[in-house]
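Me: I'm new to this one. Can you put it up and walk me through some details?

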Amino acid sequence: MSFRLTGLLLGAVLALSAQANPAKPGGETTTTKTGANAFSMPAANLSFDKRLDFSVGNSFFRNPWVAAPATTDARDGLGPLFNTNACQSCHVKDGRGHPPAFDGDNAVSMLVRMSIPADESEQHRDYLRTLGVVPHPVYGGQLQDMAIPGAVPEGKVRIDYSTNTVRFHDGDRVELRRPHLTIEQTGHGEPGKQLLTSARIAPPMIGLGLLEAIPESALLAREDPQDHNNDGIRGHANRVWSNAQNATVIGRFGWKAGQPSLRQQNAGAFAGDMGLTSNLVPADDCTAAQACAQYPDGGKPEVSDDILDSVTFYSQHLAVPARRNLDDPNVQAGEQLFLALGCASCHTPSYTTGEHASPALSHQTIYPYTDLLLHDMGEDLADNRPEFAASGREWRTPPLWGLGYADEVAGSPARYLHDGRARTPLEAVLWHGGEAEAARNRVLAASAEERKQLIAFLESL
């Protein structure tokens with residue numbers, strides 16, 4: 001080992017030996033499916049009748065919605081402004097999205113959040129309490145680049161990249177891409193200099209119900225916002241608004257943990273991505289300035305409680321695929337490096353789920369490699385757009401399970417980090433700063449063989 005890891009390694013391995021090499025990252029929900037459909041399987045422990053419920057939810061997740069009026073009155077009301085007409089269009093094969101591949105390509109599986117800085121007005125304070133941001137007064141909370149006939153799309157997203165080179169201590173180099181976002185063809189006037197934006201690709205859908213089932217106490221136990229243990233890690237939970245509870249609760253879902261539950265996450269996506277209202281989110285992302293009331297809708301609400309429940313059940317029970325290559329010496333060495341480098345300080349390997357409404361998700365030992373907390377990731381990854389308790393430099397630790405299947409599911413090289421700038425897991429690691437800067441620097445000091453082992457471990461997940 002080429003740098004001073006031996007002592008750190010021994011301590012970390014002893015501390016986490018009970019969590020080492022989990023063959024079933026999703027507990028008894030784990031699927032053995034591989035290949036392009038590895039992320040699309042139901043939890044392995046679902047009963048026959050619940051698998052039927054999963055299939056019904058899958059149909060609403062996959063099938064496109066249409067503009068009203070239509071003969072398909074169960075799936076009409078699309079728009080008038082939207083990004084896509086089906087959940088599956090963003091979460092391709094239930095996997096991660098990607099930025100536009102070329103100039104003029106439709107964003108689809110990457111969206112752009114929009115807002116403005118808050119002032120001291122009562123209206124803005126109310127927005128911050130219930131939405132976490134102040135929506136742009138004309139464009140709302142999300143750029144919608146498509147519209148039904150007669151309506152005007154909000155604009156087009158363009159991503160250009162500049163590059164910089166990162167050099168390892170042994171002389172090897174990696175070129176990183178820094179994205180630069182431009183909104184073109186704005187349909188409702190110039191958004192102005194106050195506009196704040198945040199580009200975000202669709203995250204993978206696997207294991208979300210298991211994350212929902214992690215006891216709140218287990219997440220809060222890992223908070224250390226004042227860094228009392230002096231390890232440089234200051235994670236904290238986001239505090240967000242629950243429409244169902246009419247109260248502030250902890251957030252778990254989304255790139256900044258801005259949503260408290262899968263049901264609200266799905267209702268928010270129906271409203272923001274497809275312009276579809278529900279009882280939980282009764283207004284779509286269309287401002288008074290855009291006069292959307294003049295266009296036909298699909299009823300009130302457009303997404304019934306039954307459909308929202310079906311899609312939520314589906315999103316709760318997408319299984320995590322089993323780990324691979326557990327006996328590979330490189331994978332085993334890489335896992336020990338992962339612990340010794342300090343990656344597990346945020347990418348917490350294991351939890352035991354608590355009681356959940358779904359018995360299949362309850363009391364499972366899982367290995368998601370996340371703490372679901374917010375961490376300062378440094379200026380290079382900052383979007384400078386606060387969201388509830390998340391600052392413009394903070395992001396929720398993303399789960400790592402299923403990482404090794406990302407290319408197979410995408411059908412092409414997958415993209416990583418919130419805006420898809422990283423083309424490989426190693427590039428994603430090298431973008432880490434802030435609280436993760438020390439761990440990133442240890443990776444830079446690692447030998448080529450150690451980097452190979454670390455990637456072998458990540459690709460085994």
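Me: Which residue caps the N-terminal end of α9?

Reply: D328 does. One of its side-chain oxygens lies 2.7 Å from the backbone nitrogen of N330. Keep in mind that this is a predicted model.

Me: How does the span of α9 compare with what its 12 residues should give?

Reply: The two agree. Helix α9 covers residues 329–340, and at 1.5 Å a residue it should span 16 Å. The C-alpha atoms at its ends are 17 Å apart.

Me: Which residues in α9 are buried?

Reply: V331, G334, E335, L337, F338, L339 and A340 are buried.

Me: And what is the phi of G342, after the helix?

Reply: The phi of G342, which follows α9, is positive, near 95 degrees.

Me: At what angle do α9 and α13 cross?

Reply: Roughly 95 degrees, and their axes come within 7 Å. Helix α13 is residues 448–458.

Me: Another pair, then. How do α2 and α8 pack?

Reply: Helix α2 (residues 48–62) packs against helix α8 (residues 305–316) at an angle of about 110 degrees, and the axes are 7 Å apart. That makes α2 roughly perpendicular to α8. The α2 residues in the contact are K50, D53, F54, V56, G57, N58, F60 and F61. Those of α8 are I307, S310, V311, F313 and Y314.

Me: Switching to cysteines. How many disulfides does the structure hold?

Reply: One. C286 and C292 form it, with their sulfur atoms 1.6 Å apart. The link is right-handed, with 65 degrees about the S-S bond.

Me: Are C286 and C292 buried or exposed?

Reply: Both C286 and C292 are buried.

Me: What about C87, where is the nearest cysteine sulfur?

Reply: The nearest cysteine sulfur belongs to C90 and is 8.0 Å away. A disulfide needs the two sulfur atoms within 2.5 Å, and C87 is in no disulfide. C87 has a relative accessible area of 15%, so it is buried.

Me: And C343? What is the nearest cysteine sulfur there?

Reply: For C343 it is that of C346, 9.1 Å away, and C343 is in no disulfide. C343 counts as buried because its relative accessibility is 17%.

Me: Next topic, G354. Where is it?

Reply: G354 sits in the loop between β9 (351–352) and β10 (365–366). Its relative accessibility is 14%, so G354 counts as buried.

Me: How far apart are G354 and I214, in sequence and in space?

Reply: They are 140 residues apart in sequence, but 5.8 Å apart in space, C-alpha to C-alpha.

Me: What else is G354 in contact with?

Reply: Setting aside neighbours within four places in sequence, G354 is in contact with A213, P215, L361, S362 and H363.

Me: And S242, which strand is that in?

Reply: S242 is in strand β7, residues 239–242. With a relative accessibility of 4%, S242 counts as buried. Not counting residues up to four places away in sequence, S242 touches A247, V249, P260 and Q264.

Me: Now the backbone. Which peptide bond is cis at P69?

Reply: The one from A68 to P69, with omega near -5 degrees. P69 is in the loop between α2 and β1 (81–82). The peptide bond from G79 to P80 is cis, with omega near 15 degrees. P80 is found in the loop between α2 and β1.

Me: What is the phi of D227?

Reply: Positive, about 50 degrees, although D227 is not a glycine. D227 lies in the loop between α6 (216–220) and β7.

Me: Is D227 buried or exposed?

Reply: D227 is buried, with a relative accessible area of 13%.

Me: And N230, what phi does that have?

Reply: N230 has a positive phi of about 55 degrees, and N230 is not a glycine. The loop between α6 and β7 holds N230. At 67% relative accessibility, N230 counts as exposed, whereas D227 is buried.

Key
Residues numbered from 1 in each chain as written. Predicted model: local features only at pLDDT ≥ 70, side-chain atom pairs only at ≥ 80, totals over all residues. Heavy atoms only, no water. Buried < 20%, exposed > 50% of the residue type's maximum accessible area, 1.4 Å probe, protein only. Helix = DSSP H or I, 4+ residues; strand = E, 2+ residues; numbered from the N terminus. Expected span 1.5 Å × (residues − 1). Polar contact = N/O pair within 3.5 Å; in protein donor to acceptor, adjacent residues only side chain to side chain. Contact = heavy atoms within 4.5 Å. Axes fitted to C-alpha atoms, helices over the stretch in contact; angles between N-to-C directions. Parallel < 35°, antiparallel > 145°, perpendicular 65-115°, else oblique.
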